[in-house]
Amino acid sequence: MRITTAALASAAFFMVAPGTVVGLGPWLITHWDLADAPAWRVTVGGILIVLGLIAPIHAFVEFVKAGGTPMPVAPTQRLVVTGFNRFVRNPMYVGLIMAILGQAVLFGNLWLVVYAAIGWAITATFVHFYEEPTLVRTYGRQYEVYRENVRAWIPRLRPWVPARN
């Protein structure tokens with residue numbers, strides 16, 4: 001896939017999928033009402049949101065650089081094990097959950113914590129039953145070695161460096 005096409009498709013997908021999960025969902029719960037929010041909640045929540053969005057945005061860029069998208073219908077030709085993927089296998093999902101939890105702090109809304117937990121459960125189920133089996137079929141031993149060295153949900157302290165062939 002051409003880089004331009006991958007970039008446009010990834011940008012559109014980012015707006016629809018993560019945009020809905022991290023934008024529309026929390027808005028429907030909170031209406032982004034910051035009335036009477038203390039400064040510490042605004043600061044801590046804002047920091048968590050920004051930090052949470054860095055990994056997914058960077059991961060989308062890494063997929064584009066690899067000539068594909070994060071969408072299952074337009075994957076890359078090679079396994080992407082660069083960037084934040086060297087620390088955790090699911091940096092997009094981890095980052096998005098972090099951004100939702102940041103919104104829970106920002107808006108002081110426990111329903112967003114419940115929403116994040118449900119979002120993680122749905123995502124973990126999708127990863128376990130669809131994404132990982134598909135990656136094993138597509139990339140074989142290369143993905144299995146990656147999975148043996150990089151955890152799905154808890155980031156490593158040091159980046160994983162794959163052995164050179």
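Modeller: I will take the second largest pocket, which holds about 320 Å³ of space. A pocket here is an open set of points on a 1 Å grid over the protein atoms alone, where a 1.4 Å probe fits and protein lies on both sides within 12 Å along at least five of seven lines. Its volume is the space filled by probe spheres set on the points, and points are joined across faces, edges and corners.

Two remarks on the source come before the details. The model is predicted, so local features need pLDDT of at least 70 and side-chain atom pairs count only at pLDDT 80 or more, while totals for chains, interfaces and linings use all residues. Residues are numbered from 1 along each chain as its sequence is written, and side-chain values use heavy atoms, with hydrogens and water left out.

Back to the second largest pocket. Its lining consists of 11 residues, and those nearest its centre are Val81, Gln142, Trp160, Pro162 and Ala163. A lining residue has an atom within 4 Å of a point. Sorted by class, this lining has 8 nonpolar, 2 polar and 1 charged residues. Nonpolar covers Ala, Val, Leu, Ile, Met, Phe, Trp, Tyr, Cys and Pro; charged covers Asp, Glu, Lys and Arg; the others, Gly among them, are polar.

Val80 is buried, as its relative accessible area is 6%. Buried means under 20% relative accessible area, exposed means over 50%, and partly exposed lies in between, with a 1.4 Å probe and protein chains only. Setting aside residues up to four places away in sequence, Val80 touches Glu62, Phe63, Ala66 and Asn85. A contact means heavy atoms within 4.5 Å. Val80 and Gly68 are 12 residues apart along the chain, and 9.9 Å separates their C-alpha atoms.

Glu62 sits in helix H2. Glu62 also counts as buried, with 8% relative accessibility. Apart from neighbours within four places in sequence, its contacts are Val80, Thr82 and Gly83.

The largest pocket comes next, with about 960 Å³ of space. Its lining is made of 37 residues, of which Pro70, Met92, Tyr93, Phe126 and Glu131 lie nearest its centre. Two or more lining residues come from each of helix H1 (3-30), helix H2 (39-65), helix H3 (91-107), helix H4 (110-139) and helix H5 (141-149). H4 gives the largest share, 11 residues. By class, the lining of the largest pocket splits into 26 nonpolar, 8 polar and 3 charged residues.

Those helices belong to a chain with 5 helices and 0 strands. Both kinds of element are DSSP runs numbered from the N terminus: helices are H or I with at least four residues, and strands are E with at least two. From the N terminus on, the order is α-α-α-α-α. The radius of gyration is 17 Å, close to the 15 Å that the globule rule gives for 165 residues, so the chain is as compact as a globular protein of that length. That radius is taken over C-alpha atoms, and the rule is 2.2 Å times the number of residues to the power 0.38. Along the principal axes, the C-alpha atoms fill a box of roughly 55 × 35 × 25 Å.

Of the 165 residues, 39% are buried. Among contacts between residues at least 6 apart in sequence, 74% join residues at least 24 apart. The chain exposes about 9,700 Å², and carbon and sulfur atoms supply 70% of that area. The accessible area comes from the Shrake-Rupley method with a 1.4 Å probe.

Most residues other than glycine have a negative phi. Trp32, found in this loop, has a positive phi near 50°. Trp32 counts as partly exposed, at 45% relative accessibility. Asp36 is found in the loop between H1 and H2 too, and its phi is also positive, near 65°. Asp36 is exposed, with a relative accessible area of 78%. Asp36 and Phe107 are 71 residues apart in sequence, yet their C-alpha atoms are 9.5 Å apart. Ala17 counts as partly exposed, at 25% relative accessibility.
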